[in-house]
Amino acid sequence: MEKYVQIENVNMVFDTKKGPFVALQDVNLHVTQGEFITLIGHSGCGKSTLLNLVAGLLKTDDGVLLCAGREIAGPGPERGVVFQNHSLLPWLTCFDNVYLAVERVFGSKEDKAKLKQRTHEALALVGLTHAEYKHPHEISGGMKQRVGIARALAMEPKVLLLDEPFGALDALTRAHLQDELMKIAQTTHSTVMMVTHDVDEAVLLSDRIVMLTNGPAATIGDVLSVDLPRPRDRLALANDGHYHHLRSKVLEFLYHRQLRPAA
Amino acid sequence: MNTVTAIKPTLTVVEPETPAPTQPRATVAAPAPKPAAWYKGKGLQTLRAILPPIIGFALFVGLWAIISQTSPNLPGPIKTWQSAVQLFADPFYQKGPNDQGIGWNILNSLQRVGIGFGMAALIGIPLGFMIGRFKFLNDMTAPIISLLRPVSPLAWLPIGLLVFKAANPAAIWVIFISSIWPMIINTAVGVSRVPQDYMNVAKVLNLSEWKIFTKILFPAVLPYMMTGIRLSIGVAWLVIVAAEMLTGGVGIGFWVWDEWNNLNVEHIIIAIFVVGIVGLLLEYALLLLAKRFNYE
């Protein structure tokens, strides 16, 4: 299998007023094409920092980050990012928010009709055709997050990076969007890296769960392979013994081995 | 007789500033034909909304009347009102350069404000964007701006007279220099307050500097910019009266000075109201405009 994202010996140090703060130390991770990876850990452990490094929003001099064999020097359209708080531009409609990304990636090669078609397709993929011409403040939180996903997917990224995308949503909407994300990842064969602190979400969606130790100087504590067959069904898994076994393994890591004294 | 018929329409033109538009609403709301309970609530609400301002105005006018009784040189409300009716009966007459109708004076002042403010906006807003976007430029201009901003607008007048060698451009120059600061500062603050989330979107999408400006910076800064514009217009209108008193020519400020020389105190009081009303209208128009650009 091709190593699609390579993270080799990465350290991340922030300069703060109180001196240097080591957020990540000696992180090594290989992600293969088409794989769904979740990063899980207690809050403040640096999982978002790791994702931002892959996204190119943060830079480190220490270690190597590669995407499809090329060094990650900054943000780029081959890595689509979905932010925690949707980050849609409030003055643009859902269509225009997605179109902005499409135009940037494909604008030089394709005509307007094709660009518009791509935008329509991306919004149809997340089931938002009916809300295309609404502004972000007119739609629900779950719908906003879908537009965010559509914007990232429309760029046809090599890797989809999601930073706690469903963290701000209610449980029912979250479950619904998890199912949809699972379907989308399967139909588009996307390589996905997703930050979460929801154990069920991690087990349900991932091929592998990357568990980070507590910061400062966080690193990868353990990697759990989730060998549940796909397509996965949330209801069937609720009574599946192996699912619960995997789930308790993650919980054991989080609450026995990495319990935060004051969290 | 002729004047009586001419007075009526102008009355309604001058008045509808504060208490007038609310009064008819109350009289319409009260005699309601249909659901009584609903209308009573509504009528009471409007009454509560309009009663305090009416009482305030009545007290103000009453106080003015009492003071004018004790000070014989100060004309009372009734005398001023009669004078205003006469004045606004023919606002656009022209009898030579120094004797023109009140309408011409207002329009001339507005024109000066428009030119001075317009040029300030043309320079101040782009400058504000650049100062907000580039830290170097901000550090470079910050001390100069803090030094010049608190200077009284009229202190700039001699410089204007010296450079332009004419009164009218000097007055416009004073408007320009005093109204440019709020626009520079508010625009720059707006740029520096653009949420990091939006800038991250720009980075992740790898947008060009032009796209960042048109799709993210400009719309995000617009509310701040509108605040700056509103403050600037306020300052400009505040300053024009003083500037025209010194420079002369046709304009509401010079008109006040002229009427002082004629000892026509009614007209000075009328001018105060006119300046207030025009300033209020400018402010209100810009508030309406600013509302359009509020996205949340």
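**Exercises on a two-chain predicted model**

Of the 263 residues in chain A, 43% count as buried, where buried means that 20 or more other C-beta atoms, placed from the backbone, lie within 10 Å of the residue's own. The model is predicted: local features need pLDDT of at least 70, side-chain atom pairs count only at pLDDT 80 or more, and totals for chains, interfaces and linings use all residues. Residues are numbered from 1 along each chain as its sequence is written, with chains lettered from A in the order in which they are written.

**Exercise 1.** State which helices and strands each chain holds, by number.

*Solution.* Helices (H or I, at least four residues) and strands (E, at least two) are DSSP runs, numbered from the N terminus. Chain A has 8 helices and 10 strands. Chain B has 12 helices and 0 strands.

**Exercise 2.** Explain why the radius of gyration of chain A agrees with a compact globule.

*Solution.* The rule, for C-alpha atoms, is 2.2 Å times the number of residues to the power 0.38.

**Exercise 3.** Describe the side of chain B that touches chain A.

*Solution.* Contact means C-beta atoms, placed from the backbone, within 7 Å. By this rule, 14 residues of chain B are in contact with 16 residues of chain A. On chain B, α9 (196-205) and α10 (209-247) each supply at least two of the residues. The largest share, 7 residues, comes from α9(B). By type, the residues on this side are 8 nonpolar, 2 polar and 4 charged. Nonpolar covers Ala, Val, Leu, Ile, Met, Phe, Trp, Tyr, Cys and Pro; charged covers Asp, Glu, Lys and Arg; the others, Gly among them, are polar.

Key:
Buried ≥ 20, exposed ≤ 12 C-beta atoms within 10 Å, placed from the backbone. Contact = placed C-beta atoms within 7 Å.
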